[in-house]
Amino acid sequence: MSWQEVVNLLPAFLEGSWMAVKLFFITLLFALPLGLVLAFGRMSKHRLLSRVIALFQYVIRGTPLMLQLVFVMYFPSIQLGISGFNRFTAACVAFSVNYAAYFSEIYRSGIESIPKGQSEAARVLGFSKAKTFSRIIWPQTFKRILPPLGNEFMTLVKDTALATTIGIIELLRVAQNHMNRSNSMIPIVVALVFYLIMNGVVNLFMNGLERRYAYYKV
Amino acid sequence: MARSGDIILRVQDVSKRFGELDVLKGISFELAEGGILAIIGPSGSGKSTLLRGICQLERMDSGSIEICGESLFSPDDTGAAVYAPPAQQKRLQLKLGMVFQTFHLFPHLSIIRNVIEAPIQVLNKPKRQAMEEGMALLSKLGLADKAKAYPYQLSGGQQQRVSIARALALNPEILCFDEPTSALDPELTGEVLKVMRDLAQDNMTMLVVTHEMRFAAEVADHVIFMDEGVIIEEGTPEQIFGQTNQERTKQFLQKFNE
Ligand SMILES: Nc1ncnc2c1ncn2[C@@H]1O[C@H](COP(=O)(O)OP(=O)(O)OP(=O)(O)O)[C@@H](O)[C@H]1O
Ligand SMILES: [Mg+2]
């Protein structure tokens with residue numbers, strides 16, 4: 001392939017990346033809060049609730065995201081005989097639920113790693129449960145979970161390639177199409193570079209956050 | 001009890017068990033306003049559990065506790081503890097300050113924020129007023145220059161003094177200490193004990209679980225010796241440290257004199 005041909009590919013690649021970026025942000029928008037709700041449920045004193053959520057986490061984390069995508073995409077139409085989600089919505093639903101399950105375990109282990117003395121000290125000072133969490137526990141948890149969250153964010157960037165399973169045209173699909181058409185590996189290399197750039201941005205952002213919270217130690 | 005005022009803490013026949021283990025077996029004592037009560041006793045005798053019961057970090061099973069004339073809990077017909085309504089519990093919580101063995105400062109907040117967070121968040125004090133009062137407290141404890149530092153930048157003795165300032169910021173009626181110097185290097189215990197002596201001078205009511213026998217002897221006006229969940233003996237420091245005729249007290253104190 002000539003350089004000119006590579007340049008001609010770029011609009012298609014940018015469009016594929018845009019799909020990945022949209023999926024990335026929409027997933028975070030729903031999965032980050034949903035994960036926290038799940039973590040609270042999992043840590044609840046209500047035994048049944050905690051068990052149900054543990055089972056949910058097990059199912060989601062124990063099966064391939066690719067299968068979950070297919071399930072969400074085709075279950076409504078095939079099993080219920082109703083028109084289901086469009087492809088992109090199906091991908092957003094599957095990704096959000098999947099990542100919420102992972103995030104919830106990160107939140108939970110982070111919250112549980114804060115020494116009990118912190119909430120006890122807050123309690124004797126008269127903090128309500130809500131304020132103990134928002135003012136004392138959460139800021140410390142947030143700092144601790146930044147590294148594992150960063151890992152998940154990078155994985156999410158790469159996982160967006162799975163959306164191709166349900167026919168979404170994203171970076172991987174674009175690259176494969178052009179590889180077949182041109183009988184060249186260059187489109188694949190270009191796709192690799194695009195993923196690296198996206199994850200480079202994620203990396204910079206997470207490092208910045210970690211630096212921003214470096215002024216105290218937990 | 002020796003010093004001035006009315007009884008502000010009344011503990012009666014309080015018991016607590018953890019599973020099979022009877023940790024407190026009918027503890028009763030009183031503390032008068034301005035009084036300083038030291039609780040001593042071997043490890044596992046239930047001292048911390050008692051303090052945690054008074055500060056509502058642990059639910060007691062039976063008996064009663066009264067703080068400033070209000071009941072925290074009292075026994076029903078069967079003797080089981082029935083707690084006051086939540087609003088009253090919360091009110092009584094604020095009458096007590098607690099200083100922990102390992103400080104438990106909030107690591108993400110600067111020293112001054114550690115001190116003013118509760119006045120602002122819990123008492124809804126205006127930030128400026130809380131700040132002024134907090135700085136005054138820090139100055140009093142010799143920590144004014146550390147106001148903007150973070151807990152990890154302070155020595156253990158300094159951290160413990162901050163945790164005392166944090167408790168004092170809510171103007172508690174009674175300040176409880178659970179072995180406030182046990183986690184400190186020997187050369188750092190002095191500065192914390194000095195602060196406690198100064199508080200005693202200011203007539204602060206204090207309930208101190210301690211292994212510092214010299215401190216208990218000098219500063220407390222009443223001493224309780226506990227073992228295996230019961231009060232073996234109580235009296236003035238002279239009685240306990242001078243002329244006890246209880247075999248268990250003697251044995252316990254002997255270890256500290258070696
Ligand atoms: N949450 C708990 N669950 C079960 N047992 C507990 C709990 N807290 C304390 N205990 C037990 O209760 C007993 C009394 O503990 P406590 O901490 O009150 O003793 P202590 O007098 O403060 O001892 P130390 O001088 O070592 O601090 C101990 O045997 C301890 O193991
Ligand atoms: Mg103890």
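Residues are classed here by relative accessible area, buried meaning under 20%, exposed over 50% and partly exposed in between, with a 1.4 Å probe and protein chains only. The model is predicted, so that local features need pLDDT of at least 70 and side-chain atom pairs count only at pLDDT 80 or more, whereas totals for chains, interfaces and linings use all residues. Residues are numbered from 1 along each chain as its sequence is written, chains are lettered from A and ligands numbered from 1 in the order in which they are written, and side-chain values use heavy atoms, with hydrogens and water left out.

Over all chains, 20 salt bridges are found, a salt bridge being a side-chain nitrogen of Lys or Arg within 4 Å of a carboxyl oxygen of Asp or Glu. One of these pairs A:Arg61 with A:Glu105, with 4.0 Å between the closest N and O atoms. Because A:Arg61 belongs to helix H2 (residues 47-62) and A:Glu105 to helix H4 (residues 87-112) of chain A, this pair ties together parts 44 residues apart in sequence; helices (H or I, at least four residues) and strands (E, at least two) are DSSP runs, numbered from the N terminus. A:Arg61 is partly exposed at 39% relative accessibility, while A:Glu105, at 14%, counts as buried.

In chain B, a salt bridge joins B:Arg10 and B:Glu66, whose closest N and O atoms are 3.2 Å apart. Since B:Arg10 lies in strand S1 and B:Glu66 in strand S4 (residues 62-67), the pair links parts separated by 56 residues in sequence. B:Arg10 is partly exposed, with a relative accessible area of 26%, and B:Glu66 is partly exposed at 29%. A salt bridge also connects the side chains of B:Asp22 and B:Arg17, at an N to O distance of 3.1 Å.

Around ligand 1 there are 13 residues, the closest being B:Ser43, B:Gly44, B:Lys47, B:Ser48 and B:Thr49, where a residue is near the ligand if one of its heavy atoms lies within 4 Å of it. A polar side-chain atom of B:Ser43 is placed 2.5 Å from an oxygen atom of ligand 1, and a backbone N or O atom of B:Gly46 lies 3.0 Å from an oxygen atom of the ligand. Taken alone, ligand 1 exposes 630 Å², of which the protein buries 60%, with accessible areas taken from the Shrake-Rupley method with a 1.4 Å probe. Strand S2 (21-32) and helix H1 (47-54) of chain B are the elements giving two or more residues to this shell, and H1(B) gives the most, with 3 residues.

How values were computed
Polar contact = N/O pair within 3.5 Å; in protein donor to acceptor, adjacent residues only side chain to side chain.
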